Amino acid sequence: MAKRGDWVKVHSIVLKAEERSSHLPEDTKKVPLEMWINGFLAEDAKLGENVEITTLSGRMVKGTLVEVNPRYTHDFGEPIPELLRIGPSLKRILEED
Amino acid sequence: MYEDVMKRRGEIVKRAVGVDYSKFEIEGVAFDYEKMMKEAAYSLDEIREIQFETQVGNTPLVELKNLTKLVRKYSPSGKGARIFLKDEAANPAGSFKDRRASVSVYHAKKKGYKGVIAATSGNYGAAVASQAAKRGLRCIVVQETFDSHHVGQPEILEKGRACEAYGAEVVQLTVGPELFYYTLKLLDETGYFDASLYTPFGIAGIETLGYEVAMQMKEREGKFPDVVLVTHAGGGNVTGTARGLKLAGANETKVVGVSVDLRGLHMASDRDFNRKSFTTGHTGFGIPFATFPDRVDVPRNAARALRYLDRYVLVTQGEVFFTTEALAQVEGMMRGPAGNTSLTAALAMAREMDEDQIIVVQETEYTGAGKLPSAQLTFAKKMGVVVKNGDPIEEDKPGEVIAIPESIEQVAVIEYPIEKLRKSYFKEIVKIYGKREYSDVEMKFMSEDTHTTFEDVKANLKEVLELW
């Protein structure tokens with residue numbers, strides 16, 4: 001259950017596959033144009049319900065409630081073995097002098 | 001719905017940009033580019049003032065002595081130019097894009113707009129959001145972020161986070177050029193200013209970068225740089241920088257555009273979208289925008305790279321990751337990978353140049369989660385791209401293989417002949433305008449637009465029309 005005023009993410013379909021631009025590659029043509037926007041929830045609601053939010057620019061936007069307090073999911077990744085030896089090898093060359 | 005909005009495109013953009021482009025039209029292909037730049041934008045002095053107010057510009061120019069030393073290990077005797085780097089990450093939102101945003105946002109505020117909208121998945125979003133915060137305007141950034149499985153490109157997710165951190169509303173879409181449709185809808189709904197990347201404001205804002213590079217180098221070494229390397233995507237960076245160099249009097253300085261080679265990947269493909277480890281500064285923008293600049297969201301693009309490019313080279317994704325790692329490890333500067341595209345070319349080109357010559361790489365960008373080589377390569381592996389050590393040119397295959405060099409010696413550039421870009425330019429003109437006859441006025445414009453002679457234009461058009 002999300003409360004009025006919670007920071008949430010809503011989802012909606014902007015264009016169905018058949019409504020999309022005609023100049024698209026085949027794979028893109030088959031799927032809809034989807035959208036996600038974050039904002040403050042207008043009224044208490046459950047996940048999956050149609051809700052209204054106020055965005056950071058002050059707009060009222062409608063959509064399906066998909067996440068409460070949406071997480072930033074990107075990270076720093078893992079150490080990359082293919083990169084790890086670059087530093088030491090360059091430093092060794094510089095130290096030769 | 002889609003068609004309705006697209007039909008009203010001209011009217012919406014005119015209100016949202018506030019520039020009457022018809023004033024600059026001459027006939028057919030031709031328009032008065034210099035008049036547009038002069039009348040629609042601001043002078044260099046005004047822009048320096050605008051940027052000073054919001055902390056943009058005057059970034060440090062640093063000499064990369066260790067990288068130069070390493071390059072010389074692999075250069076013939078007497079070769080190995082000095083490499084300098086303009087640390088544009090020192091701008092408030094972390095990239096040279098702050099220069100573009102500063103002028104647009106200033107102008108929007110002056111003209112009484114309540115907010116600004118930018119359609120961008122790049123650093124430009126954070127730049128507009130940051131400048132809007134400084135000038136007290138509302139801001140919406142529209143991004144192409146996810147594929148149809150809701151998998152987000154890490155670099156773009158990070159830029160979305162940054163926009164939100166500066167207080168902007170972020171609209172995240174799946175892959176597709178209809179991003180511009182939704183942007184038009186938002187411009188229409190809100191009445192906000194269209195902070196397009198391609199207005200005279202967006203380009204004039206970069207002139208200070210070229211100007212600073214020239215003046216800082218002159219002050220420091222008593223001469224202008226021999227070569228300035230510019231990462232090339234939509235053409236704004238090349239155009240603005242070259243114009244700024246000329247304003248400083250650096251007329252002999254060669255301007256070289258550099259893009260990451262992503263040839264073979266389709267920019268609007270749902271599948272290809274997340275098989276790119278670079279979301280900007282690549283050939284998917286660099287080639288089409290150089291050959292037909294007016295393919296943009298405003299009637300006439302102020303970014304016209306062919307007018308200014310002396311040479312165009314490509315580098316591979318693996319080479320840029322190598323260079324990013326090297327910059328951190330031997331120069332102590334952790335900067336974003338995409339912003340190191342032109343630095344990568346510098347490592348190769350310095351070997352061809354004399355020791356007393358000077359190369360300036362004119363940008364860096366901030367880095368962090370999502371943008372680091374570790375983040376991008378972890379993601380690439382997850383998407384099925386093979387990441388290996390190897391020959392970065394021979395083994396590279398965009399979307400399939402990223403080959404990371406093990407030595408500076410392996411870092412090389414792929415020449416993309418300017419002549420080839422010019423030929424495509426004429427093909428595009430004939431395709432778009434769909435006619436066989438061109439007036440002298442139109443041909444004079446094309447000669448300026450491609451930096452060739454009137455006779456070259458005639459010959460090129462003749463060649464294209466013979467096959468048409």
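Modeller: In this predicted model, strand 9 (residues 227-231) of chain B and strand 12 (residues 358-361) of chain B run parallel and are joined by three bridges.

Colleague: What makes strand 9 and strand 12 of chain B a pair?

Modeller: Two strands pair if DSSP finds at least two bridges between them, and here there are three bridges, so strand 9 and strand 12 of chain B count as paired. Within this pairing, B:Leu229 stands opposite B:Val361 of strand 12.

Colleague: Why are strand 3 and strand 15 of chain B called edge strands?

Modeller: The open sheet has seven strands in the order 3-4-12-9-10-11-15 (chain B), with mixed pairing, and strand 3 (61-63) and strand 15 (414-415) each pair on one side only. Helix 11 (residues 236-247) of chain B packs on this sheet, where it touches strand 9 and strand 10 (254-260) of chain B.

Colleague: Why are helix 4 and helix 10 of chain B called roughly perpendicular?

Modeller: The axes of helix 4 (residues 44-53) and helix 10 (residues 200-221) of chain B come within 9 Å and cross at roughly 90 degrees; angles of 65 to 115 degrees count as roughly perpendicular, and therefore these two helices are described in that way. Their contact includes B:Ile47 of helix 4 and B:Tyr211 of helix 10.

Colleague: How do you know that strand 2 of chain A pairs with strand 7 of chain B?

Modeller: Strand 2 of chain A and strand 7 (residues 169-174) of chain B are linked by three bridges in the antiparallel sense, and at least two are required, so this is a pairing between the chains.

Conventions: Residues are numbered from 1 along each chain as its sequence is written. Chains are lettered from A and ligands numbered from 1 in the order in which they are written. This is a predicted model: local features need pLDDT of at least 70, side-chain atom pairs count only at pLDDT 80 or more; totals for chains, interfaces and linings use all residues. Helices (H or I, at least four residues) and strands (E, at least two) are DSSP runs, numbered from the N terminus. Axes are lines fitted to C-alpha atoms, for helices over the stretch in contact, and angles run from 0 to 180 degrees between N-to-C directions. Angles under 35 degrees count as roughly parallel, over 145 as roughly antiparallel, 65 to 115 as roughly perpendicular and the rest as oblique. Two residues are in contact if their C-beta atoms, placed from the backbone, lie within 7 Å.
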